[in-house]
Amino acid sequence: MSDLSLTGTSEKSQGWIRLRDFAWNSALVRKVLVLALLALVWELSARYGGKPILFPTFTATMAALWEALTSENLLLASWASLSVLLKGYVIAVLLAFVIVSLAVVSRFVRELLQTLISMFNPLPAIALLPLAMLWFGLGEKSLLVVLVHAVLWPFALATLSGFESVPETQRLVGRNYGLRGPSYVFRILIPAALPSILYGMKIAWAFAWRTLIAAELVFGVSSSSGGLGWFIFRNRNELFTDKVFAGLAMVIIIGLLVEGILFRIVENVTVRRWGMQR
Amino acid sequence: MLARDPLPPAVFEVDRLVLDYPTSAGIVRAVDDVSFRVGEGERLVLLGPSGCGKSSILKAVAGFLKPASGVIRVRGREIKGPGPDRIVVFQEFDQLLPWKTVRQNVEFPLRMASKLTKAEIRERTEATLRKVGLERALDSYPHTLSGGMKQRAAIARALVTDADVLLMDEPFAALDALTRTQLQGELLDLAEELGFTLLFVTHSIEEAILIGTKLHLLSPHPGRTITSLDTHEFGREDAGSARLESLSREVHDLLFSPKAKKEILEHV
């Protein structure tokens, strides 16, 4: 008798264990769980804080986000920011590829690049904004200059160190088949350094986002294209704190989507598939 | 000194080769005045203790190292830098490019350096991979293969080209003993079937005698020629035989004991 009931409970618990294992093994489930937990902590601390004008709750923020999306063109503002961001990002990444490829071939260019990186990488992009505005006026050009600065140096640093750590054997294999110059860079160095390159692209993406939102906060007022930063700035002036939070949440959501979906997919079909990264 | 018999036409020859390495303490001589020649279908093994410059010689033949003096000729032409007429099989497993499947890795030198059509390349790649027993791993990525399979793929990548000479730098040194013996046998079968010309570097005396038709013994610091031996009559059926063992001992004495070296050389 007792045997029967024992197997009964263990079957039940086995089903539960299987469900739990499945949940733990699914990256998506884990991520959603983490996000839900953070939202819960936010909600509770805002409720006990009790000052919605300073710190709105999670639910109030989501409601404001919904309202902003449906009636205040938040999506359009996000796209305005995103399109500038993509332009600057692509320009900087291409520029970095050219410079780093030259640095691989010429020791002088490498020295130059390393010096420039150690000079400019610590310089906050936003600190260049006043200068950029002086040179290029209030407009997209200034934003692009700042963005390129934010992306170029960290990405070049990651790519250069990726190129430098390509295994000697793989370099020799490339040279053995007579590869030189651009074909050597494209067929050996770039794929072999792809884990570092993707890492650099992720870091640079975060830097670019940060810089752009900050730049829009500074001169969004007089900019014709109202981006996300401008949305945040405007609502702060009118003390719509829940909408400020909604704008920030939008920044976070876009960041999570790009990092968690776009980069994840690229990694899954390349470096993870090739066993170069776990 | 090389024998002055009528020489078969050399596929490649190394003439009075000197190799130097720059170090922080100045220039160090790695290889001093080494000469040899290898005829069609011959398998020359460079054998010696570590520091005898055997890998450096192979790297110089591949074109990765510039000689301080001396000449390396392939089919009568002095080599200038690396090229696909001399394909290298390395010791390291990461010589297969991890972002390419086995098939793509083997196709790679053909796509870079031959004028074959796509269909011909495909056919040749598959035929070669069948020869080394990898037909079932065609579309696997290298990280899913065992060490032995990786080295088989690297050998296939060398065989698939019409290289004048294959250069193998201790290709089996990182394998376990069983796999090593198996791959040595397979390499010999392939050599008999295809008759390729091979320069092979190893520090294992038995491997040298089995693989080589000729041994070139080197002394360390700097690498100098001790002597060269003809071993073409030894095949895989001799593995573990008394004949091979006595030759191994002789080679060992030549390499490691100066006194015995003198006696044996005077005796010869």
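Two strands are taken as paired if DSSP finds at least two bridges between them, strands (E, at least two residues) and helices (H or I, at least four) being DSSP runs numbered from the N terminus. The structure is a predicted model, in which local features need pLDDT of at least 70 and side-chain atom pairs count only at pLDDT 80 or more, whereas totals for chains, interfaces and linings use all residues. Residues are numbered from 1 along each chain as its sequence is written, chains are lettered from A in the order in which they are written, and side-chain values use heavy atoms, without hydrogens and water.

In chain B, six strands form an open sheet of mixed pairing, in the order 6-7-8-3-9-10. Strand 6 (86-89) and strand 10 (224-230) of chain B each have a single partner strand, so one side of each is left without a neighbour in the sheet. Strand 9 (residues 214-219) of chain B runs antiparallel to strand 10 of chain B and is joined to it by six bridges; within strand 10 of chain B, B:Thr225 stands opposite B:Leu218.

Contact (heavy atoms within 4.5 Å) between the chains involves 24 residues of chain B and 17 residues of chain A. The buried area, defined as the accessible area (1.4 Å probe) that two parts lose on being put together, summed over both, is about 2,000 Å² between chain B and chain A, with 66% given by carbon and sulfur atoms. B:Phe64, B:Trp99 and B:Met112 lose the most area in chain B to chain A, together 30% of what that side buries.
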